[in-house]
Every structure is written in structure tokens, then in C-alpha cells.
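Here is a brief report on cores and salt bridges. Please look over the sequence and model first.

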Amino acid sequence: MAGDATSLAEAIREGRLTACEAMEASLAAAGRWTEIGAIVHLDPTLGRAAAEDADIRLRRAPNGRQIAPFLGVPSLAKDLGGPFAGLPVAAGSNLLDRSPKVADESELAARFRVAGLCFFGLTTVPEMGLALASEPAIGPVCRNPLDAARTPGGSSGGAAAAVAAGIVAIAHATDASGSIRVPAACCGLFGLKATRGAIPAGPFFGNHLGGLASELALCRSARDLAEIFDAAAGHARGPFADPSLSPALPGPLRIGLLAETGEGYPTDPARSEAVEAAACALEAEGHSIVTMHWGAFAAAVGASGQTLRDIIAVNLANFFGSAGLDAGRAERLTQAFFSHGSQLEATALWATLEAAVHASHAIWCLFDQVDCILTPMLASAPLPIGAFPFDHDDIDLQIRRMTAFAPLAALANVTGFPALTLPFGVDRDGLPLPVQIMAPMGNDRLLLCLAARLERQGRWQHRFAVAGLTQ
């Protein structure tokens with residue numbers, strides 16, 4: 001049995017194992033999987049204390065689901081975002097000191113704990129989250145458990161590797177340029193970049209990047225993703241207004257189908273065919289398919305790359321300055337982003353923000369024609385280790401490389417629309433064939449419903465069982 005977080009929670013609730021036993025299984029799995037470099041900071045004492053507390057809560061109220069859907073389930077936080085109390089985030093960099101114990105935590109972290117998750121470590125990210133791979137100079141190099149010569153993606157690559165390997169069944173993740181969805185796509189997982197404002201970003205707002213970034217989780221099933229979304233979403237208390245989250249639309253849907261990504265960022269045939277197969281599966285359920293073309297997206301994708309570059313660079317310049325960090329100690333590419341942000345004129349930044357607004361409007365206009373849009377998530381199989389080096393200062397090259405790998409990833413971040421990825425098949429090398437679905441603002445639950453429908457086609461099976469469910 002491969003399992004997911006829901007099935008592990010059920011096993012704990014039904015007494016087939018305790019939360020403490022589940023935690024010991026995850027800690028043992030972390031030790032067995034050290035070669036994939038998924039975990040950058042491990043705190044067994046913190047994890048065991050959380051598991052003991054979960055077992056106490058279960059003894060007091062045996063029907064644990066009424067308390068928390070994931071009560072006693074081990075989990076890992078990302079080394080970027082949050083923060084989570086007791087876990088010292090360093091953002092994959094030697095610029096930040098990992099020794100201090102964090103006392104405060106974000107609203108999202110608090111909601112994850114209320115949902116019952118028990119955290120015991122931090123997962124690997126590229127320095128400051130600046131790549132769609134997870135290979136920080138300070139180490140470790142994070143590898144895909146499905147093929148150790150390939151990346152698990154980034155910047156939530158460590159989270160994805162840990163979940164795909166079964167070290168944990170669910171892990172915290174963040175998404176500023178596809179950083180949840182790309183790792184999910186590389187590792188055969190489910191990931192959602194929620195509608196802007198749906199998920200709390202405060203009270204520290206350190207990683208929201210002007211609205212580009214969103215936090216949630218990497219999951220092994222659509223039901224886990226729906227459960228953690230319901231546990232986390234709503235009443236975010238800024239910096240944006242809460243969106244109106246709609247129920248899944250009743251009746252037949254108009255599903256836009258974009259199977260190709262243009263000559264500049266071509267998608268390989270196997271991944272285009274997976275998108276077409278997903279469209280056929282939904283059409284068989286009574287939905288109508290509307291063919292769409294790259295030309296309707298190309299300008300918005302271009303604006304998204306420029307917006308991503310400038311917002312990240314300005315954010316880094318501000319962060320390094322306010323924290324008194326020596327940018328010269330950062331990796332070379334990180335220094336280049338910092339330099340660009342430090343020198344960017346206000347008028348140039350304003351032009352970038354204006355282009356982002358027009359991109360958002362252009363996608364809104366597409367949703368006048370369709371209820372959701374089915375697209376490729378990745379243009380190719382997961383790239384080899386080393387495909388996103390930091391030993392240069394060409395930030396535009398970095399953005400082009402990221403766009404070439406995941407042409408439609410940053411579009412959802414820049415425009416604010418929800419986007420979900422899931423595996424829908426397997427290629428000749430046994431790697432997942434992912435698809436992405438985008439929807440209008442507030443239609444996250446529509447995406448979750450469609451993901452569950454496509455999951456039932458049974459086109460992807462997890463290779464590794466969840467720790468604690470292997471017996």
C-alpha cells in the first residue's frame with residue numbers, strides 16, 4: 001500500500017499505530033533516504049514531542065478526525081516561508097544563521113498544527129528559492145527519488161522528494177514561480193497554487209512577494225490536497241482581501257485545452273499527449289472541450305517572466321538591506337538578482353507591475369470563453385542535476401531556463417489565478433506525465449474536484465509507500 005496522509009491519519013486514529021510510532025517510522029525513513037538530500041535540518045526531539053502530544057489528544061478524544069483531519073501525521077516544513085516555531089529557516093543560504101530557535105510562527109503554520117500535522121524538520125531549497133531545482137551551495141543537493149540523476153524540481157524540491165519517497169505523506173511548500181507545482185510535476189504529486197489571498201501569508205509577510213507567492217503543501221492525493229486547503233484557506237487578514245471561494249461548478253464545464261506551448265518553449269510530445277488524454281477523460285464525463293492556442297498566452301507569459309525577475313530582485317535587495325546581510329557572501333546568481341534589484345529604477349518597476357496587470361486582464365478575458373484551462377505543466381521530463389547552475393550572473397538566462405522547463409508556471413503567480421498540477425500517466429522512463437489546470441479567481445475547489453476525477457483514472461501509482469504504512 002502506497003498510501004497518503006489521510007490513510008496514515010486513519011491508521012493512527014483506528015489504533016493500528018500510534019502517532020509516536022508514525023514519527024519513528026518517518027525518522028527512520030529520513031535516515032534511509034539521506035542520499036536524495038531532501039532534508040536540510042532534522043529535529044527528532046521536536047517531532048517526538050509533537051507526536052506525543054497528538055497521542056494524548058487521541059486518548060482524550062478517540063475520534064480524532066473531529067479534532068483534526070491529520071492528527072499525528074508527521075510532516076516537514078520548507079526552508080523558506082513560514083516560519084514554523086522551533087525550525088530555524090535559512091533559505092538555503094549561509095547568510096542566515098540556522099542555530100537560533102524560532103519562537104514565533106506564521107498563521108499558516110498554526111493552522112497546519114491545528115490540522116494535526118507534527119513537524120520534525122526542514123526541506124531543501126535553492127538559495128533564496130531562485131531556481132526550479134534544489135541544489136544550494138551549502139548542500140545538500142536534492143535528487144529525485146524516482147531517478148537520482150534528475151532534479152525533483154524547485155524551489156520546494158526537498159518537500160517533493162520527501163513526499164514522493166514516503167518519508168512523509170504531506171509537506172509544507174511555497175509557490176512563487178511554480179515552486180509547488182513544478183516539484184509536484186517532477187515527482188508525481190498533487191500541488192495547488194491557490195487564488196491570491198486565499199491562504200494566509202502573515203503576520204510576517206516575508207515571502208508573499210507582492211502577491212506572487214502562496215504557501216500550501218505537496219500531497220500524494222487529491223483528497224489530501226482538498227483537506228489541507230480547507231484547513232488553511234480563508235480569513236487571511238491581509239495583505240489582500242479574502243477572495244470569495246466558490247463551490248465546484250455544477251453541470252457540464254467548458255474546458256479549454258492548450259496542448260502546445262509555442263516554438264520558443266516547445267513541450268515534448270508525451271507531455272502534450274497527456275494533456276490531450278486528460279481532456280478526453282473529462283469529455284467522456286460530459287464536459288465540452290474548447291481548443292486554445294499558444295498565441296493567446298504568449299504575451300502574458302512573457303510579462304510574467306519579467307515581473308518574476310524584477311519583483312524577486314527588489315525583494316532580495318530590500319531583505320538583504322533590512323537584515324544587514326552581506327550580499328557578497330551569497331551565491332553568484334543570487335548576488336546578480338540583488339544587484340538588479342538594488343539598481344532598478346522606480347519607473348521601470350512600475351512598468352513591470354503595469355504589464356502584470358495587463359497579463360491578468362488577458363487571462364480573465366480567456367475565462368469568458370471557458371470555465372477552466374487544461375495545460376502542460378512541464379515541457380520535458382525532470383531535468384538533470386545541474387541544469388540550473390548558480391555560477392553565473394545572467395538573471396535573464398535563469399528566467400528563460402525556468403520558462404523553458406515550465407512555460408505556464410509563473411503565469412498563475414503573476415496573474416493571481418489558482419492553478420493545480422497532478423500526474424496523469426507515466427513516460428517510457430517511468431516518470432510522471434503531469435498536467436496543469438487553471439481556473440478563475442476563487443475556483444480552487446473546482447480544480448480540486450477535477451483533480452479527484454482525473455485521479456480516479458488510475459494513470460499514476462506511487463512507487464514508494466508512506467513510512468508507517470509499510471507494514
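## Salt bridges and cores

At 35% relative accessibility, Arg-48 counts as partly exposed. This is a predicted model. Glu-24 is also partly exposed, because its relative accessible area of 37% falls between the 20% and 50% limits. The side chains of Glu-24 and Arg-48 form a salt bridge, 2.6 Å from N to O. Glu-24 sits in helix 2 (residues 19-32) and Arg-48 in helix 3 (residues 44-60), so the bridge links distant parts of the chain, 24 residues apart.

The whole structure holds 16 salt bridges. Three of them are listed here.

| Pair | N to O distance |
|---|---|
| Glu-24 and Arg-48 | 2.6 Å |
| Arg-98 and Asp-79 | 2.9 Å |
| Asp-230 and Arg-445 | 3.1 Å |

Arg-98 pairs with Asp-79. Both lie in the loop between strand 2 (74-78) and helix 4 (107-114), so the bridge ties together parts 19 residues apart in sequence. Arg-98 and Asp-79 are buried.

Asp-230 pairs with Arg-445. Asp-230 belongs to helix 7 (residues 222-232) and Arg-445 to helix 14 (residues 444-455), so this bridge ties together parts 215 residues apart in sequence. Asp-230 is partly exposed at 43% relative accessibility. Arg-445 is partly exposed at 30%. Elsewhere, shared partners join Asp-268, Arg-271 and Asp-427 into one salt-bridge network.

Now the nonpolar cores. The largest has 139 residues, and within it Ile-167 and Ile-228 touch the most other members. Beyond its neighbours within four places in sequence, Ile-167 contacts residues including Trp-33, Phe-120 and Ala-467. Another core, of 19 residues, lies apart from it; Trp-294 and Met-438 are among its members.

Technical notes: Residues numbered from 1 in each chain as written. Predicted model: local features only at pLDDT ≥ 70, side-chain atom pairs only at ≥ 80, totals over all residues. Heavy atoms only, no water. Core = buried A, V, L, I, M, F, W, Y, C linked by side-chain atoms within 4.5 Å. Buried < 20%, exposed > 50% of the residue type's maximum accessible area, 1.4 Å probe, protein only. Contact = heavy atoms within 4.5 Å. Salt bridge = Lys/Arg side-chain N within 4 Å of Asp/Glu carboxyl O. Helix = DSSP H or I, 4+ residues; strand = E, 2+ residues; numbered from the N terminus.
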